[in-house]
Amino acid sequence: MALTIPALAACSTAQPIGGVGTALPPPSESLGEPDEGQPDISLDLMKRMTQRLAADDFEGRAPSTATEPKVLDYIVSEFKAAGLQPGANGKWLQPVPTVEITNSNQSALRVTGIGSPMSFSFGDQWVGASYRVTPSTKLEDSQLVFVGYGIVAPELGWNDYAGIDMKGKTAIILVNDPDYAMEGEDGLFKGRRMTYYGRWTYKFEEAARQGAAGALIVHDTFPAAYGWNVVNSSWTGSQYYVQTPNNAMDQTRVNGWVQKDVAEKILRAAGKDLASLTKAAQTKNFTPVPLDLKASLSFDNAIRKSNSHNVVGILPGKTRPDEYVLYTAHWDHLGRCTPDASGDDICNGAVDNATGVAALAALAKANVEAGAPARSQVFLAVTLEESGLLGSEYYAQNPLYPLDQTVGGVNIDALAPGGRARDYAMIGGDKSDLNDLFSEALNTRGLIAAPEASPEKGGYYRSDHFSLAKRGVPMFNFGRGIDLAAGGKAAGKAASADYTANRYHQPGDEFSTSWDWSGIMQDMELFYALGRELADSDGWPNWRQSDEFRAIRDRSCAAPDGC
């Protein structure tokens, strides 16, 4: 998993979602019981699969290694046993071609034009990489342009690139979105809650759409929600991408980051002030600011291409088999990693995300036993989540089932052992009609909707559902809260802190026969109910009117066979 597990997100005071209804009284130990008639979900299957997928001989389930075929064979065998049919054009596997690019011989970032030339060193002052599959990267005398937050949001009447041709130029871009400093969520860009426009991935994508040669984001710890050390470690090693037919030549030559004080020096040399420009960039009437400065840099790229695989099973629908509901979870983990004190160097990934893959099989089995719903259900165990959501991204770029006929779905990532909870949080906030279904499901079970912890970190954009969401498909991503039936919030916070400190992305994330599965099975009841509701209904959930993904869903639904 690419972020702290939502199932243990540290939430503040619980409250109803979106103001729907009123808070329920604290439920008893029987809270969250499933509706009568819901089929049993196999706890034995959950335990057996999680233990097997987290076993040492699977070596941490690293993709594109000698161990991958054994992992895939096992997942396929369990999908078959659950009663699914092969879902990848009559096969179980969808190949995912990837490219690993490792740069070296990085030059300094050189800035010339006004006054004395400036030079900023790679690693401690700037970092960068290229999406392009090319043996070398060179940016030479590229004109620098300050483009504010680098956002083009027609639905909000916002265009930070208005009136400028960026061809051959390099954009200097602020991190996050314009109203990140607000306390609440009332701003045009949802205030403190990060929108997709605030994510660095979006900013690089938009710079490429504008024809820019380069894009450099200004790092600032508070709006970024992490320090320069995270940027440095993430951007100075190998980078993984999905292979594209044009070798990503439609992307910028270089994407990267600069320290805030580097940006201040660059702007000062141009006779500008970063603080003043940042304030101006927080308004709709901002226009790009050419700096009369030029940037140059270079590095070499070592390229390695490989293939991994998504596992795809399908339960065809009874009456509308050409409409699809997705269940997604990633099967990959980190493989061998930094040894712990005992010398164990296998990151087994039991919680993250052997539990999620086991959940796919258990949910498939429950749905098969209940009888096929009206719509088809697709069970998708994706690869390369830990390398940047690449398996789900490849599926979304090359869908086996049309996205304009995909109703929505449920993403499952890292189910935490522990007791049942009184509350659940929808990651991403009130983004779509799925929130209404979620609220109804919680109320039915006597559960409380809690606010998402740390919405400024953009958690919705960091797991596999996002690859589908940004192409218009509404996806559930929610997690168990910290207000546990046994021990309350103190127990929930302690469990979250313990997992993060001692097991998350470490060899300690191992299966244990002493796990308490009651909270995981509470999660499973919700996963089943919500996925089944989507599959049996005739509705087509959409994003809220002001959401960043509304326009693409509307276009999808307007297609001849869409929605």
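1. Let us start with one pair of residues. Glu-183 and Arg-192 are joined through their side chains by a salt bridge, with 3.6 Å from N to O. The term salt bridge is used here for a side-chain nitrogen of Lys or Arg within 4 Å of a carboxyl oxygen of Asp or Glu. Side chains of opposite charge can pair when their charged atoms come close. The cut-offs are under 20% relative accessible area for buried, over 50% for exposed, and partly exposed in between, with a 1.4 Å probe and protein chains only.

2. A word on what you are looking at. This is a predicted model, in which local features need pLDDT of at least 70 and side-chain atom pairs count only at pLDDT 80 or more, while totals for chains, interfaces and linings use all residues. Residues are numbered from 1 along each chain as its sequence is written, and side-chain values use heavy atoms, with hydrogens and water left out. The score pLDDT is the predictor's confidence in each residue, from 0 to 100. Its mean over the protein is 91, and 93% of the residues reach 70 or more. Please take care with residues 1-30, where pLDDT stays under 50. For that stretch the model has 79 contacts beyond four places in sequence; a contact means heavy atoms within 4.5 Å.

3. Now the overall picture. The protein has 14 helices and 22 strands; these are DSSP runs, numbered from the N terminus, with helices (H or I) of at least four residues and strands (E) of at least two. The radius of gyration is 24 Å, close to the 24 Å that the globule rule gives for 563 residues, so the protein is as compact as a globular protein of that length. This radius is taken over C-alpha atoms, and the rule is 2.2 Å times the number of residues to the power 0.38. The C-alpha trace spans about 75 × 55 × 50 Å along its principal axes. Of the 563 residues, 60% count as buried. Among contacts between residues at least 6 apart in sequence, 84% join residues at least 24 apart.

4. Helix H9 deserves a look. Seven of the eight residues of H9 (residues 390-397) are buried, so this helix is largely enclosed by the rest of the structure. Among them are Leu-390, Glu-393 and Tyr-395. The buried residues of H9 pack against several elements, including strand E2 (93-104), strand E13 (289-315) and helix H11 (465-469).

5. The side chains of Glu-393 and Lys-470 form a salt bridge at 3.6 Å, N to O. This pair links distant parts of the chain, 77 residues apart: Glu-393 is in helix H9, and Lys-470 is in the loop between H11 and strand E21 (475-476). Glu-393 counts as buried because its relative accessibility is 13%, and Lys-470 does so because its value is 19%.

6. Another pair is Lys-431 and Glu-548, whose side chains meet in a salt bridge of 3.3 Å, N to O. Lys-431 lies in the loop between strand E19 (423-426) and helix H10 (434-444), and Glu-548 in the loop between helix H13 (518-536) and helix H14 (550-557), so the pair ties together parts that are 117 residues apart in sequence. Both Lys-431 and Glu-548 are buried. Through shared partners, salt bridges join Lys-190, Lys-431, Asp-547 and Glu-548 into one network. How many salt bridges are there by this rule? The count is 30.

7. Next, a sheet. Three strands, in the order E20-E19-E22, form an open sheet with mixed pairing. Strand E20 (448-450) and strand E22 (478-480) are at the edges with a single partner strand each, so one side of each has no neighbour in the sheet. Two strands pair if DSSP finds at least two bridges between them. E19 and E22 run antiparallel and are joined by three bridges, and Met-426 stands opposite Phe-478 in E22.

8. Helices cover this sheet too. H10 lies across E19, E20 and E22, and runs at about 175° to E19. H13 also packs on the sheet, touching E19 and E22, and its direction makes about 150° with that of E22. Such angles run from 0 to 180 degrees between N-to-C directions, and the axes are lines fitted to C-alpha atoms, for helices over the stretch in contact.
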